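I opened a new notebook page for this chain.

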Amino acid sequence: MSFKEITPQQAWEMVQQGAVLADIRDDTRFTHSHPKGAFHLTNQSFLQFEELVDFDSPIIVSCYHGVSSKNVATFLVEQGYENVFSIIGGFDGWCRAELPIETAY
């Protein structure tokens, strides 16, 4: 079993239907701006993530450009998560698609 790659538009539709969006970028970038409703998934927040998210919940991983998210998606599948997705183009693609973001300002 492995993860699937999806477009930012597909990801946003899934988030609106209850999927968990996990942003894995660094603290500074995440705090500055991130996809609306994203969970900041880091080594430090992984235990909290495990408590909040069921193994069969859809999980979408977002990074900077859609590369690192593939590694994290693979890791989540290895941990037993069943519905894991990676956003093609990452947060960069999300912004280019003009999807909702939250900012620090």
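**Strand 6 and the sheet**

I began with strand 6, residues 83-87: four of its five residues are buried, so the strand is largely enclosed by the rest of the structure. I note here that the model is predicted.

Next I looked up the partners of strand 6. Strand 1 (residues 4-6) runs parallel to strand 6 and is joined to it by three bridges. Within that pairing I found Glu 5 bridged to Ser 86. Strand 5 also pairs with strand 6 in the parallel sense, over four bridges. Pro 58 stands opposite Asn 83 of strand 6. Between strand 5 and strand 6 the chain passes through helix 4, and I logged this β-α-β crossover as right-handed.

**Helix 4**

Which residues of helix 4 are buried? I listed Ser 69, Ala 73, Leu 76 and Val 77. They lie on the same side of helix 4, because the arc they cover around the axis is only 100°. As a reminder to myself, an α-helix has 3.6 residues a turn, so residues three or four places apart point the same way.

What do the buried residues of helix 4 pack against? I found helix 3, strand 5 and strand 6. On the face turned away from the buried side, helix 4 carries the exposed residues Asn 71 and Glu 78. After helix 4 comes Gly 80, with a positive phi near 110°.

I gave Ser 69 a separate entry, as a serine in helix 4. Its relative accessible area is 0%, so Ser 69 counts as buried, the cut-off being under 20%. Leaving out residues up to four places away in sequence, Ser 69 touches Ile 24, Val 61, Ser 62, Cys 63, Ser 86 and Ile 87.

**Cores**

The largest nonpolar core has 16 residues, and I noted those that touch the most other members: Leu 41, Phe 49, Ile 59, Val 61, Leu 76, Tyr 81 and Val 84. Two or more residues each come from helix 3 (46-52), strand 5 (58-62) and helix 4 (68-78). Helix 4 gives the most, with three residues. A second, separate core has 15 residues, including Ala 11, Val 15, Ala 19 and Ile 87. For context, nonpolar side chains tend to be buried together in soluble globular proteins.

I also looked up the contacts of Val 61, again without residues up to four places away in sequence. Among them are Ala 22, Ile 24, Ser 69, Val 72, Ala 73 and Leu 76. Val 61 also touches Val 84, Phe 85, Ser 86 and Ile 87.

**Record**

Last, I checked the annotation. The UniProt record, an unreviewed entry, gives "domain: Rhodanese" for residues 15-103. Over residues 15-103 I noted 37% helix and 25% strand, with the end C-alpha atoms 18 Å apart.

Technical notes
Residues are numbered from 1 along each chain as its sequence is written. This is a predicted model: local features need pLDDT of at least 70, side-chain atom pairs count only at pLDDT 80 or more; totals for chains, interfaces and linings use all residues. Side-chain values use heavy atoms; hydrogens and water are left out. A nonpolar core is a set of buried Ala, Val, Leu, Ile, Met, Phe, Trp, Tyr and Cys residues joined through side-chain atoms within 4.5 Å. Buried means under 20% relative accessible area, exposed over 50%, partly exposed in between (1.4 Å probe, protein chains only). Contact means heavy atoms within 4.5 Å. Two strands pair if DSSP finds at least two bridges between them. A crossover is right-handed if, with the strands pointing away from the viewer, the path from the first strand over the helix to the second runs clockwise. The arc is that of the directions from the helix axis to the C-beta atoms. UniProt positions are given in the numbering used here, feature names are shortened, and annotations may be inferred rather than shown by experiment.
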